[in-house]
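Dear colleague,

Please find below the structure that I am handing over to you. My findings follow it.

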Amino acid sequence: MRKWVPTLVLLALLAPTAALPQAKSSKGGVYEQLNLFGEAFERIRQDAVEPVADRRLVETAIAGMLSGLDPHSVYLSEEEYKAQQAQEAPSIGSAATASIGLVVTFDGGQLKVVSPRDGSPAAAAGIKPGEAIFAIDKEPVFDLSLAEVEQRLRGPVDSEVTLMLRRGTGAPTEITMKRAAGKLTTVTSHVEGGNIGYIRLAGFDGATQAALTAAVQDLQQKASKNLIGFVLDLRNDPGGDFDVAVAAADAFIDKGDITTIKGRKSDSSKKIAATPGDLANGLPIVALVNGGTAREAELVAAALQENHRAILVGTKTFGESSIETLIPLNGNGAIRLTTARFLTPSGKPIQGKGLDPDLVVGPLKLERLAQGLSRREADLRGALKNTDPTPAANAPPAPGAASGSTPPKPAPPNANGTPAKPDPKESVATGDLGTATDEQLTQALDVLRGLALVTARNAR
């Protein structure tokens, strides 16, 4: 057998029908279960109608173990692991690191879009959070692992990939895109109305922090230092590097906690505190969030909200706060294992709940949105559950904010008494963010102007 098979599994495979030492193990203990695995392994090797390589059997078993944990823990074969490494650190001229910039996850066996990345082919094609993908290049995806899906979405620069997906309640449609190379832009900015700085934060990578600092300084210069505040747009932000996200939140928080990390062991929890300094010099901030605001973007939003540093405007966030660790397996692939989750600064769970904005604003108008408009982390099959038995609650709103939001009410029935269908337009295309037709941005600007007036009056 190969060296990469774990010792206990190796023993089970070498002696599938022999009883291993129980070592005070009760019925159903680890040794007995490994005997069961070994027996099944040997029967498949001997009796399967088609011969199956030992390596394939073991890799499939490992993948099965991980798939039963949560939607994000996966096994990466040696080829998939190498492809991921190339994607994260592409070499100059590499032809195998191009992608369409789409972040996806599985929801009860169905592949769903978390969010497209800004500037990506997927964003240019108008793909929105929550859309379901049925096939990649005519091949169904229902029996693929998440790692296999990610690998199929990658390919040579300018090569084409075709997705069959469904938007809202419409019929499935096909979209063909060309894969693009290079790092995507995570920070963009412009001045709104001559005195408000708009910053779009679309992800977190090695270039984000420097770009964020430069964006704030550029906005201050363009507005002749007359800025009254900032709008930080976290919509359709699928997250990225954990440490970079912590630094981004820290940039606007002078003191307080950024997040709390909670692992399996009771003594593994730790808080990450902010360092002195505020990039915005105390100016008010309104942060825009929606169902495509996920993972590390939710960390930033929670830190700003609970430290009373920003008012959250938009719709409920995705609700995913898992932290995965990539663990190489002796040169034969790797496992991506969920080893911890992050909480809000005060220790409230994000996983499966998401963050409620201080002011609920739909993409088309100000409203209390109906429940169930889009799939979130809590809806995913096998999703990690939060351990807080109490209902989710937000921190008190920032000064000048409206009182805390009440839970969204179900949509009123139609005239004939039948339940109203969810508004399919809750998800907004990334390309529409920050434009003149962006109603959520318009509302955020109004909130920020109101905060500026209150601040000015209090300063008198």
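Predicted model: local features only at pLDDT ≥ 70, side-chain atom pairs only at ≥ 80, totals over all residues.

The chain has 460 residues, of which 47% are buried. Its secondary structure consists of ten helices and 17 strands. About 22300 Å² of the chain is accessible surface, and carbon and sulfur atoms account for 55% of that area. Of the contacts between residues at least 6 apart in sequence, 70% join residues at least 24 apart.

The helix pair is H2, residues 30–47, and H3, residues 54–67. Their axes come within 11 Å and cross at roughly 140°. An angle over 145 degrees would count as roughly antiparallel; H2 and H3 are therefore oblique to each other. The crossing of H2 with H3 is right-handed. On the H2 side, the contact is made by Phe37, Phe41, Ile44 and Arg45, which meet Asp54, Leu57, Val58 and Ala61 of H3. By class, the residues of this contact are six nonpolar and two charged, with no polar ones.

The loop residue is Lys138, located between strand S4 (132–136) and strand S5 (139–140). Is Lys138 buried or exposed? The relative accessible area of Lys138 is 60%, and exposed means over 50%, so Lys138 is exposed. Lys138 and Leu163 are separated by 25 residues in sequence, while their C-alpha atoms are 7.7 Å apart in space.

Yours sincerely

Definitions and conventions:
Residues numbered from 1 in each chain as written. Heavy atoms only, no water. Axes fitted to C-alpha atoms, helices over the stretch in contact; angles between N-to-C directions. Helix = DSSP H or I, 4+ residues; strand = E, 2+ residues; numbered from the N terminus. Parallel < 35°, antiparallel > 145°, perpendicular 65-115°, else oblique. Left-handed = near helix turned anticlockwise from the far one by under 90°. Contact = heavy atoms within 4.5 Å. Nonpolar A, V, L, I, M, F, W, Y, C, P; charged D, E, K, R; others polar. Buried < 20%, exposed > 50% of the residue type's maximum accessible area, 1.4 Å probe, protein only. Areas by Shrake-Rupley, 256 points an atom, 1.4 Å probe, with all protein chains shown as cover.
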